[in-house]
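Reader: Could you walk me through this structure step by step? I would like to learn how to read it.

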Amino acid sequence: MLSWKDIPRGAIVTTPGSAKEYRTGDWRSQRPEWDLAKCIKCGLCYIYCPDASIGWNDDGYPLWDEYHCKGCGICACECWTKAINMVEETE
Amino acid sequence: MAKKVGTEASFAVADAVKLANVDVIAAYPITPQTHIVEKLSEYVADGELDAEYICVESEHSAMSACCGSSATGARTFTATAGQGLELMHEVLTIPASSRLPMVAAICNRALSGPLSVWGDHSDLMGVRDTGWIQIIAENGQDVHDLTIAAFKISEHKNVLFPVMIHMDGFHLTHVIEPIIIMDQEDVDKFLPPFEFDNKLDPHYPVSQGTYAPPHIYPEIKKAQDVALVNSKETIKNIFKEYGDLFGRYYNPVETYMADDAETILVTMGSFSETATLAVDKLRDEGNKVGLIRVRLWRPFPFEELRDAVKSVDSLIVLDRAISYGGPAGPLCSEIRSALYQEKKRPQIISFISGLGGRAIDPEHFESMILHGQEVAQSGSNNEYEILGVRE
């Protein structure tokens, strides 16, 4: 952890893309679970995710980024085949 | 050659900004600041000043545009007053924290309500803790010189903070007086081009204004505060350099007949010049009165203040703002606090007057000083007194 003397002037961040090192997924109380049998690969979850926490796997199915998903549930709400279910985090 | 001309203090600010060759001005017109930005928009429209003049839709946007402008390394200026400064408030803390240099002329105006376009220091006190360097001007020459000096202070590598130059609305901004307008060659010698090593640059990408969770926020705030406190030495050096070059010296605390004074009146802003007339008259009558004016409001000049009042018996502090239900006027509170640990402390009397554009004439200052001396002798149960109000 930085001391106050080591704070870059103006608290600028000099490493591009370093926000991905901050695991905002720790804030989550619910997580999305996919039922891939229902998924039609339409990509709505990818489009609506406000945290860019949904990508694609090699088969074209959604790939979840558990380190950054805050569990907002927008993907589950927007999924029109009901392939996404929000479940309580237990850890 | 610098030339003495009869001009309005607001135009002297605009001329200083032009001489500083700013790159970007983002401002929204508001009384009593309008003459500054009208003049600057004329200079830009007429091609006399090669700058971007951004006509924003509010002061909130003006300060936001200034932050963006400064972040790219552009020399940046804005001006506002009263309610405009309040609307700007949310963004004001950001250039201070992000260490973005810029200069703002603040034409001090009473806050609503009731609505008032006239001057006092309630807007000034409202932005006290935004982290800006704050310098108080007293006359037209001050606003011209200090605006030029403010760019150098703000952009100095040991400072890199935004700077406000406060000037009383109407009582200063709209006064026409003889002012020495600086020569371009002299200003260019004093004020180097703005070189900003933190600027946004695609070849060296940085993020500015990111959020800070609890594990880092306090460290950032301490670093900011230490840097602001440490900027005082550079501010003094730049004031001295300005004086050495151009013959007009400015100090964090200005004194008048204060060396052997038993009673000292403490003021801030353009009313100080009126107060000197009362000091002169009382001195003629054998009353050992002096005057000190706080020029540098932030960072607060603790050592200079303590030094200026070390042998005085009583201080009469005039505030032109109320801290409603508080311990004293805001200036007086700070002076009391600054002197509380001293072994020899003067009596400190808090008076509030000159609100919402009400003038304080020399005879009012005279009776204020005499009343203050009475209170210092007899004591008072009041935390502060509001003077010059009809009973």
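Author: Here are some questions and answers about this predicted model.

Reader: Let's start with the helix α12(B). What span is expected for it at 1.5 Å a residue?

Author: Helix α12 of chain B covers residues 362–378, which is 17 residues. From its first C-alpha to its last it reaches 24 Å. That is close to the expected span, 24 Å.

Reader: Within what arc do the buried residues of α12(B) fall, seen down its axis?

Author: The buried residues are Phe365(B), Met368(B), Ile369(B), Gly372(B) and Gln373(B). In general, an α-helix has 3.6 residues a turn, so residues three or four places apart point the same way. The buried residues of α12(B) line one face of the helix, because seen down the axis they fall within an arc of 135°.

Reader: What covers the buried residues of α12(B)?

Author: Both strands and a helix of chain B take part in the cover. The helix among them is α9 (271–284). The strands include β10 (263–267), β11 (289–294), β13 (314–319) and β14 (347–352).

Reader: Let's look at β11(B). Which of its residues are buried on each side?

Author: In a regular strand the side chains alternate between the two faces of the sheet. In β11(B), 6 of its 6 residues are buried, and both faces are covered. One side has Val289(B), Leu291(B) and Arg293(B), and the other has Gly290(B), Ile292(B) and Val294(B).

Reader: Which strand runs antiparallel to β11(B)?

Author: β10(B) pairs with β11(B) in the parallel sense over 5 bridges, with Leu265(B) and Leu291(B) as bridge partners. Another pairing has Glu254(B) bridged to Arg293(B) in β11(B). This antiparallel pairing has 4 bridges, and the strand that joins β11(B) in it is β9 (residues 253–256) of chain B.

Reader: What is the handedness of the β-α-β units that contain β14(B), right-handed or left-handed?

Author: β13(B) and β14(B) pair in the parallel sense over 6 bridges, and with helix α11 (residues 330–339) of chain B they make a right-handed unit. β14(B) is also joined to β15 (residues 385–386) of chain B by 2 bridges, in parallel; there Phe351(B) stands opposite Glu385(B). With α12(B) as the helix, β14(B) and β15(B) make a β-α-β unit that is left-handed.

Reader: How many residues of β14(B) are buried?

Author: One residue of β14(B) is Ile352(B), the bridge partner of Asp319(B). The strand is mostly covered, and of its 6 residues the number buried is 5.

Reader: Finally, the two chains touch. Which element gives the largest share of the side of chain B that touches chain A?

Author: The contact takes 17 residues from chain B and 12 residues from chain A. On the chain B side, α4 (82–98) and α8 (217–246) each supply at least two residues. That side divides into 7 nonpolar, 7 polar and 3 charged residues. The largest share, 4 residues, comes from α8(B).

Terms used
Residues numbered from 1 in each chain as written. Chains lettered and ligands numbered in written order. Predicted model: local features only at pLDDT ≥ 70, side-chain atom pairs only at ≥ 80, totals over all residues. Contact = placed C-beta atoms within 7 Å. Nonpolar A, V, L, I, M, F, W, Y, C, P; charged D, E, K, R; others polar. Expected span 1.5 Å × (residues − 1). Buried ≥ 20, exposed ≤ 12 C-beta atoms within 10 Å, placed from the backbone. Arc of directions from axis to C-beta. Pairing = 2+ DSSP bridges. Right-handed = clockwise from strand over helix to strand, strands pointing away.
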